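Colleague: Could you take a close look at the salt bridges in this model and walk me through them with some care?

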Amino acid sequence: MSYQRRISEVDVLKTYKAAYRLHVPWKNVIGEECHNFIENYSIANQSNETLVMSAIIPMIASLCGPRTKVRSGQNSFASPLNMYVMSVCAPGGGKSSAFDGVVMSAVDMYNIETGNNLMMENYTNAGVHKNQIKNGGYGFICSDEGERILKSIQTKEKNGESERALLCKMWGGKGDFSSLSAGCRGFERTSMSLCVFIQPEHIINHTQNLMGGDGFLDRFIILSSKPKLYKTDIRKQQSDELNLRKVKDFDSMMKNIFLDHRGLDVVYSLSEEAEVEYNRYEDSYVEDIMSKYNSDSEDEKENNLASTQGVMSGISCSKDTGIILRLAAIIHILKMNLLKVLNDGNDEMSKLVTMECIEGARVMQNVMSQQKNVYFQVSNSLNCNAEERLPKIKTFQYRLIRCVFAKPNPSILLRNVQRGLKGSRKENILMEWKKLQDMGLGEMKECEGRMVFHKVHPMMLNVVNEEFLMKHEIQKSKYEELFGNVRSMESFAVNACKSNHPQKIEIAKFFD
């Protein structure tokens with residue numbers, strides 16, 4: 001049943017801040033040169049790079065067409081590029097600028113090239129069929145006020161229409177095709193992608209209603225961004241800089257992408273190095289699934305994996321592996337084509353997705369899954385009838401840091417962190433451990449095939465690290481007490497600590 005919840009403005013802001021503070025490091029994802037241009041364009045047009053990227057990603061997926069795929073391995077299933085994106089930003093943050101500058105300009109280009117309309121906002125299932133048949137499988141659903149689309153989906157579902165099922169099907173690149181006695185009807189494949197720009201309050205209010213066993217929300221990536229508004233002098237400076245460039249917008253890039261893929265069967269594949277990394281990620285998911293169902297303990301089964309049953313882990317579901325593969329291909333296409341127009345290049349576009357693109361997609365997925373979990377956590381905590389204040393928002397990062405530093409022992413096993421975080425994915429935990437290691441809060445090491453995080457000795461904490469722990473409600477005095485408490489350490493952790501801890505000499509006294 002659909003219902004409208006009420007949430008205070010204070011709690012909306014608190015939730016929104018918790019989400020956008022988990023920001024995507026775009027420079028690392030798309031490279032410095034591409035990021036510099038997108039940042040320059042965003043500031044000049046009073047928007048921000050996350051909103052612009054939220055529009056670019058699904059638009060590239062759509063313009064590549066229904067015959068473009070990305071493959072991992074020679075004999076594996078080739079995935080379409082279709083992407084569903086929710087871009088969350090407060091009012092006045094630049095959503096309309098990104099919509100007009102990226103989406104509408106690409107839609108106009110498509111109309112000029114084909115004479116057809118690429119985009120839909122208000123539509124019926126019959127309208128989708130007609131649009132897809134006319135466009136040969138090209139399609140794009142978008143709105144700069146995305147609440148209307150989400151409301152429409154809920155209303156039609158309540159009225160017994162199957163729009164939600166159709167959207168789930170199209171995400172996989174499949175059309176809605178029927179063989180009838182009077183002939184065939186429908187479309188066989190599609191590059192339909194979706195982008196909704198939405199305000200924080202609306203995504204919170206609609207999230208619970210859109211959940212369900214069909215995995216509808218699992219198909220979406222969520223990108224939250226902080227409004228970045230610039231004064232006139234800064235925007236003028238960026239506009240002047242943009243005007244000095246050969247390329248001032250994304251029009252030529254989008255046109256090249258469309259024309260280079262139009263009417264062709266294009267298959268992107270992973271480089272050898274990227275293949276190894278992607279296989280490692282897939283294997284990690286398989287290991288988590290098997291450990292859940294191979295366990296004899298019911299508690300272990302509950303703790304091993306929380307993917308589709310909960311919203312607190314660092315990953316949502318098995319579809320995330322496919323999303324990473326699609327994102328890697330889209331990042332590759334974006335970088336190759338944007339660099340080509342920026343540098344006036346003529347090189348043939350490579351169909352080999354690099355290791356950097358897989359890593360960039362992986363970083364994006366890690367941040368986006370955590371942002372999604374913030375909204376899911378809040379939505380699940382709301383009462384359906386009364387306005388109520390929310391409990392403290394516990395982000396994945398917050399819970400992980402508490403699990404590591406607010407527990408006894410100088411070292412902690414990855415397996416124990418997974419248990420403490422209700423089965424969060426190994427890869428997400430290792431990425432957060434790497435951040436803590438870079439901050440000087442410890443060191444992660446592999447010992448006999450098992451990952452261990454050795455916490456920094458309290459005497460080596462600097463002021464910045466002490467303040468960081470304080471933000472996560474961990475007092476230095478309490479950390480010192482817990483660090484030296486080794487009574488609950490299992491034998492493997494003790495041996496790993498004694499042999500590999502960076503301060504093993506200083507901590508030897510704890511084991512006497």
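Modeller: A salt bridge is taken here as a side-chain nitrogen of Lys or Arg within 4 Å of a carboxyl oxygen of Asp or Glu. In this predicted model, a search of the whole structure turns up 15 salt bridges, and Glu277, Arg280 and Glu427 are linked by such contacts into a network.

Helix 18, which spans residues 426-438, holds both Asp438 and Lys434, placed four residues apart, or about one turn of the helix. These two residues form a salt bridge in which the closest N and O atoms are 3.0 Å apart. Asp438 counts as exposed because its relative accessibility is 55%, where the cut-off for that class is over 50%, whereas Lys434, at 37%, counts as partly exposed.

Finally, Glu443 and Lys445 form a salt bridge with their closest N and O atoms 3.4 Å apart. Glu443 has a relative accessibility of 28% and so counts as partly exposed, and Lys445, with a relative accessible area of 26%, is partly exposed as well.

Key:
Residues are numbered from 1 along each chain as its sequence is written. This is a predicted model: local features need pLDDT of at least 70, side-chain atom pairs count only at pLDDT 80 or more; totals for chains, interfaces and linings use all residues. Side-chain values use heavy atoms; hydrogens and water are left out. Helices (H or I, at least four residues) and strands (E, at least two) are DSSP runs, numbered from the N terminus. Buried means under 20% relative accessible area, exposed over 50%, partly exposed in between (1.4 Å probe, protein chains only).
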